[in-house]
Amino acid sequence: MSILSRPEFHNEEAAYAYVEARVWANGRVCPHCGEADRTSKMGGKSTRIGTYKCYGCRKPFTVKIGTIFEASHVPMNLWLQAIYLMCASKKGISSNQLHRTLGVTLKTAWFMSHRIREAMRDDTLGAFGAGGGTVEVDETFIGREPGKPVRRGVGHKMKVLTLVDRATGRAKSMVVDDLKIATLLPILKANIAAEATVYTDEAMQYDNLGKHFAVHDSVNHGAEEYVRGAVTTNTVEGYFSIFKRGMKGVYQHCGKKHLHRYAAEFAFRYSNRVALDISDVMRADIALQSIVGKRLTYAQ
Ligand SMILES: [Zn+2]
């Protein structure tokens, strides 16, 4: 059976049941007051799908409250279609494509995809290289920094810093304003364990990383050295090649205001990729489990 034939993609009631089973995996909780025991499903023809009554605070609630779905009128089964498509497309899927595939307006597709990127944002990865593992660190340049004239070189481009933990296969990717060590070091120290081995290229800003991490070594790309024993940044460069193909081929235009969301999207798919035995369906479920507390309002 095609994955796209599943009932949760076509039937709103099935879609609610699917989301509830994941968001309330440890039991249904009233999002208003935290009541866990005294809640019940509301019936009746005029009751909206998925509405429960809380006997603690006496308010009705649905699984959408406090999640990226809150205040959205898009049917839940279309939300699940959008999450699946974004999670299953290695280089991403444009708002235009979602608009045409789902039959929602372009504006709605745009907001849906940004909310789904919020769900993909993972702030709880823990330290990379914990237990003495190896972390590759590198940066890439993309688009144009607002207000900077286009010149030769990469100074006018936006900068994305990415870390890959070789043991877990996970990536963390973030937008940085510049590549000075004063900017990068706090980020690296917050995300990489002190006992880690860190590999970078020969860029000057990484010169003194050995003072902060157990081991730091680099390959000299300027001298065409890409691998020296275990020392290489080829893994993180492989990550960047997917990121850049997606950003150029699928998303085409992205301002700095939103770049961090795209960075989170690519890192999410990479950290939950097929090579780590995570299927498209599992990846979509992982995103779905992260919808709580990620509400994105239209003003943001
Ligand atoms: Zn309540």
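Two residues are taken to be in contact if their C-beta atoms, placed from the backbone, lie within 7 Å. On this criterion, residues 24 or more positions apart account for 59% of the contacts in the chain with a separation of 6 or more. The structure is a predicted model, in which local features need pLDDT of at least 70 and side-chain atom pairs count only at pLDDT 80 or more, whereas totals for chains, interfaces and linings use all residues. Residues are numbered from 1 along each chain as its sequence is written. The average pLDDT of the chain, the predictor's confidence in each residue from 0 to 100, is 92, and 97% of the residues score at least 70. Over residues 296-300, by contrast, pLDDT stays under 50, and the model has 5 contacts beyond four places in sequence for this stretch.

The chain has 8 helices and 10 strands, defined as DSSP runs (H or I over at least four residues for helices, E over at least two for strands) and numbered from the N terminus. Its C-alpha atoms fill a box of roughly 75 × 40 × 40 Å along the principal axes. Of the 300 residues, 33% are buried, a residue being buried if 20 or more other C-beta atoms lie within 10 Å of its own, exposed if 12 or fewer, and partly exposed in between. The domain assignment, which is automatic or taken from a database, gives domain 1 (12-65) and domain 2 (134-279), and the centres of the two, taken over C-alpha atoms, are separated by 41 Å.

Three strands form an open antiparallel sheet in the order β1-β2-β3, with pairing assigned where DSSP finds at least two bridges between two strands. The edge strands of this sheet, β1 (39-41) and β3 (60-61), each pair on one side only. Between β1 and β2 (residues 52-54) there are 3 antiparallel bridges, and T39 stands opposite C54 in β2. In the loop between α1 (12-23) and β1 lies V29, which is partly exposed, with 17 other C-beta atoms within 10 Å. Beyond residues up to four places away in sequence, V29 touches W24, G34 and A36, while its C-alpha atom is separated by 49 Å from that of D217, 188 residues apart along the chain.

An open sheet of 5 strands has the order β6-β5-β4-β7-β8 and mixed pairing. The edge strands here are β6 (171-176) and β8 (215-219), each of which pairs on one side only. Neighbouring strands are turned by 25° against each other on average, direction ignored, with axes fitted as lines to C-alpha atoms, for helices over the stretch in contact, and angles running from 0 to 180 degrees between N-to-C directions.

Strand β5 (residues 158-165) runs antiparallel to β6, to which 6 bridges join it, and pairs in the antiparallel sense with β4 over 8 bridges. L163 stands opposite K172 in β6 and is also the bridge partner of V137, whereas L161 stands opposite M174 in β6. The hairpin formed by β5 and β6 has 5 residues between the strands, and G169 in the turn has a positive phi of about 75°. Because 8 of the 8 residues of β5 are buried, this strand is largely enclosed by the rest of the structure. M158, V160, T162 and V164 point one way from β5, and K159, L161, L163 and D165 point the other way. Helix α6 (residues 234-251) lies across β4 (134-142), β5 and β6, at about 30° to β4. Helix α7 (residues 256-271) packs on the sheet, touching β5 and β6, and its direction makes about 170° with that of β6.
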